[in-house]
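Here are my notes on this model, jotted down as I went through it. Have the structure open while you read.

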Amino acid sequence: MHGARASSRDSHAEGGGSSSRASSGDLDGGTASGEPRASVSAPLRVLHVSSGNLYGGVETLLRTMALAQSGRADGAVHAFALCFEGRIAEELRAAGAPLTLLGPAKVSRPWRVWEARRSLMALLQREAFDAVVCHAAWPQALFGPVVRTAGVPLIFFQHDALSGSHWAERWARVTVPDLALCNSRYTASTLRSVYPRTPWRVLHPPVRDGGPGLTASERSSLRGELGADPRDVVIIHASRMQEWKGQRLLLEALGRLRQVPRWKAWFAGGAQRPEEVSYEEGLKAQAVALGLGDRVRFLGQRSDVPRLLRAAEVHCQPNTGAEPFGLVFVEALYAGLPVVTTALGGPLEIVDASCGVLVPPKPEALALALRELIEDESARRTLGSRGPDRARSLSAPSVFLDALEDSVRSVARGGAA
């Protein structure tokens, strides 16, 4: 499943705006240094660097980019460099994307970092790239200096809100990128804590349409397998097992709906770290204590979230902390589900009154919003019907790639090679 829509991805590798039509901060039509915009006559070559040891929002973006690239007859060549083998490496290979493994860099083992840096330098000397994009502060910290030494334009893709206090952010601050691409206006508002003078653009991440709806028999079979009958209103939550993702808050709200008939809840998402295992066990105990044991299912790690969404009636992820963007919200809109979430962070750029309900992070308010949708099929259908158009306007992959390539041209050396 999509797990990590991660908020503190910088430490993960240790363990191993507007729409995507770019909206700019300081950036004008030229390069960051004021030089003319690059020629667009030849395909760009762009290298994306990430850790690769977990699976979440960054990895989903990389996979979506690789799949979208494979369906384009022209456009840039997007290549990828990861430190760790894992699910995203397998998916990039399956998509036919150029992939280089740099080696398992860990700051606790400096020689591993040096080896990975040497691998990247060799790649940059062997192949010509118009820009390198470092996804999040950890790869920016480790590999930004290598890119600078190689003389290749450096772009920082900001996936999380920044505070400037995390060790990876302090390290990343040493190497200033030519351009920052922020996944939401919310995250862009925090960029200055690390890069106060760097030009920036907002590019909402690409999200693929999950495809046609399930047939009646497919939907009935999947729902039956997961304990829901045809009359049930299924509420689905799909994310990593992290407390700020709102699983505990949702359970508290559902506890207030015990007497409301005909609903079930699915929690899709698996624990990837020891603390997440403990958190998941606590959620299961909470569900039993609230008397919800027969109405709540914990589905674990899933790779079929688009199908699960199409088998449900309502999507609810009531974050208790600000989400940087929130890919699964867009996926839910593609699936035609009304979205219920808290009025925090990036989802404020995704969900509005046309397609969902925004509530404060309080169980009473959340329970009231859910009860209204459980009991009002017409409201569910009206909100859900507006979701797909909203999703396409925010995160169509082709629009994202065009905007990304335009951003690369704005900093590329001497035009597209």
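1. Start with the aromatics: searching the whole structure turns up five aromatic pairs. (Phe, Tyr and Trp rings, the six-membered one for Trp, pair if their centres lie within 6.5 Å; planes under 30 degrees apart are stacked, over 60 edge-to-face, the rest tilted.) One of the five is Trp138 with Phe143, edge-to-face at 6.4 Å centre to centre and 80° between the planes. Trp138 is buried at 1% relative accessibility, and Phe143 is buried at 0%. (Buried is under 20% relative accessible area, exposed over 50%, partly exposed in between, with a 1.4 Å probe and protein chains only.)

2. Then look at Phe267 and Phe298: their ring centres are 5.1 Å apart and the planes sit at 20°, so this pair is stacked. Phe267 belongs to strand β10 (residues 263-268) and Phe298 to strand β11 (residues 296-300), so the pair ties together parts 31 residues apart in sequence. Phe267 is buried too, at 1% relative accessibility. (Helices, H or I of at least four residues, and strands, E of at least two, are DSSP runs numbered from the N terminus.)

3. A word on what you're looking at: this is a predicted model, where local features need pLDDT of at least 70 and side-chain atom pairs count only at pLDDT 80 or more, while totals for chains, interfaces and linings use all residues. Residues are numbered from 1 along each chain as its sequence is written, and side-chain values use heavy atoms, leaving out hydrogens and water.

4. On to the largest nonpolar core, which has 37 residues; Leu47, Val49, Leu120, Leu124, Val132 and Phe143 touch the most other members. (Such a core is a set of buried Ala, Val, Leu, Ile, Met, Phe, Trp, Tyr and Cys residues joined through side-chain atoms within 4.5 Å.) Elements supplying at least two residues each include β2 (45-50), α3 (110-126) and α4 (137-150). The largest share, seven residues, comes from α4.

5. What does Leu124 touch, leaving aside neighbours within four places in sequence? Its contacts are Leu47, Phe129, Val132, Val146, Val147 and Ala150, with contact meaning heavy atoms within 4.5 Å. There's also a second, separate core of 32 residues, with Leu222, Leu308, Leu333 and Ala335 among them.

6. Two arginines to check: Arg87 lies over the face of Tyr55, 3.7 Å from the ring centre, and Arg295 over that of Trp263, at 4.0 Å. (The test: NZ of Lys or CZ of Arg within 6 Å of the ring centre and within 35 degrees of the ring normal.)
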